[in-house]
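This report describes selected features of one protein model. Please consult the sequence and the structure shown below.

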Amino acid sequence: MSSPPATTMEEAEAEAAAAGAAPLIRGLPDEVVIWEILVRLDPKSLLRCRAVRRAWRRATSTRDLLLAHHARQPSLPVLYGYSCVGNDVLSISITPFDHRSDLAAGGQLQSVARLGPSLVRPEASCDGLLVLSIVSTYFAICNPATRQYAPLRMISGFRILGMYPHPPTGEYRLLLHSLESTKSTEQVHVLSRTRARQAPRNQVGCYVLSLGSGQPPRYIECADSKELKLSNNHVLFRGCLHCYPVRHGSGSIMIVVFDTTAESFRLMRAPVFPGGCGDLFQMDGMLGMSSSNFAKTIMGIWVLRDYESEDWILKCKIELPVMEIRVLSDNHDHDNFWDVVVVPGDGEFLVLVKFAGLLLQVDMDGKLVTTFHRKGIHPAQLQLKQSLVPHAFFSSLEGYVVNDWPFI
């Protein structure tokens with residue numbers, strides 16, 4: 001079952017005029033209702049408006065409105081959390097972390113989707129779409145806002161480097177990497193309950209999959225692809241996928257830049273710093289990156305001041321409140337391991353720390369802002385910008401469902 005195609009605003013207005021339809025809200029022009037009120041609603045509220053009457057359904061289903069609505073949605077960090085009984089995973093929740101809401105005053109994390117039951121992890125995000133890995137072997141794509149889901153059977157065994165829109169064709173594509181040159185046998189897909197056939201790949205290197213094309217992943221040339229240790233830490237910026245960290249054969253750390261129009265690669269210089277590698281992100285029209293000391297107690301925030309000259313500057317350092325975090329976690333040592341993610345938000349940087357059974361938010365001054373006692377939740381190093389825009393490729397994917405299992 002696929003979503004009906006969205007009409008244009010002109011078609012909806014012409015249909016309403018021909019039927020002599022009453023205004024959406026008495027006393028207000030439809031133009032004001034649509035472009036000043038409806039466009040500002042969150043996705044769930046906009047969907048509820050479709051149940052008012054047919055005129056409301058027409059007005060809230062036009063492609064013009066859905067595109068404008070998507071443009072207004074915030075880009076929020078993605079959290080994913082497991083609900084378990086013993087060692088059995090019952091479901092996974094996908095939750096955008098909205099620091100602007102009143103979380104510090106006792107607000108709750110609100111998930112946008114629940115899927116189950118399996119070990120699922122978000123791997124890539126673009127225009128409201130999420131690519132999921134299942135038990136680190138199989139893949140699927142979903143839109144949490146529209147509850148559309150489909151397995152991606154052709155890419156089992158690949159690593160996903162990123163997802164992007166291809167401007168010349170309007171297609172959504174996946175950038176993949178293969179470290180093996182052998183063909184794999186059929187394996188069982190956990191979530192789709194069907195057979196998943198791995199695509200044959202004869203060369204080590206990078207591939208591109210056009211979603212909905214029906215074609216297997218296509219090999220593309222990548223200089224030194226055998227020598228590059230590629231990561232799926234990526235960000236789409238200036239029409240290019242930036243993947244980091246990448247260890248070149250010479251031992252240096254670089255950023256691989258993939259031009260999504262020309263589908264070509266180049267290397268970009270990364271800032272030099274001691275300690276561990278962090279995350280790429282974009283903020284205020286600039287490319288940014290985080291770094292840390294080896295203990296992950298001090299985070300450095302770098303920004304690319306000049307993109308063309310690859311001039312990086314250290315913007316700030318954030319020192320985590322280590323003692324306060326340990327007190328909150330009952331001084332559990334846990335081998336000193338914690339997961340730290342730096343994300344942008346409203347002109348500032350947020351640090352999310354996963355430690356023991358806690359998820360914590362730390363501000364740029366190193367002050368603890370919010371604490372969640374959620375044992376199974378993790379930051380995903382991805383941003384989700386929700387979208388109700390229908391994507392035609394879903395219906396051409398085998399196993400496609402909408403508002404059905406594995407959504408629960």
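On the surface, L28, V32 and I37 make up a nonpolar patch with about 200 Å² of accessible area together. Such patches consist of residues with over 30% relative accessible area and no salt bridge, with like charges joined within 9 Å and nonpolar side chains (Val, Leu, Ile, Met, Phe, Trp, Tyr) within 5 Å. A salt bridge is a side-chain nitrogen of Lys or Arg within 4 Å of a carboxyl oxygen of Asp or Glu, and accessible areas follow the Shrake-Rupley method with a 1.4 Å probe, where for residues only the protein chains shown count as cover.

The model is predicted: local features need pLDDT of at least 70 and side-chain atom pairs count only at pLDDT 80 or more, whereas totals for chains, interfaces and linings use all residues. Residues are numbered from 1 along each chain as its sequence is written, and side-chain values use heavy atoms, with hydrogens and water left out.

V32 belongs to helix α2 (residues 30-37); helices (H or I, at least four residues) and strands (E, at least two) are DSSP runs numbered from the N terminus. V32 counts as partly exposed because its relative accessibility is 33%; buried means under 20% relative accessible area, exposed over 50%, and partly exposed in between (1.4 Å probe, protein chains only).

The largest nonpolar core has 23 residues, and V131, I141, L152, I155, M163, L174 and L211 touch the most other members. A nonpolar core is a set of buried Ala, Val, Leu, Ile, Met, Phe, Trp, Tyr and Cys residues joined through side-chain atoms within 4.5 Å. Strands that each supply at least two residues of this core include β5 (129-134) and β6 (138-143). The largest share, 3 residues, comes from β9.

Strand β6 is largely enclosed by the rest of the structure, because 6 of its 6 residues are buried. Y138, A140 and C142 cover one side, and F139, I141 and N143 the other.

| Strands | Sense | Bridges |
|---|---|---|
| β5 and β6 | antiparallel | 5 bridges |
| β6 and β7 (residues 148-151) | antiparallel | 4 bridges |

Within these pairs, S133 stands opposite F139, and A140 stands opposite P151. The hairpin of β5 and β6 has 3 residues between the strands, and V135 in its turn has a positive phi of about 45°. In the hairpin of β6 and β7, with 4 residues between the strands, R147 takes a positive phi near 60°.

Definitions and conventions
Pairing = 2+ DSSP bridges.
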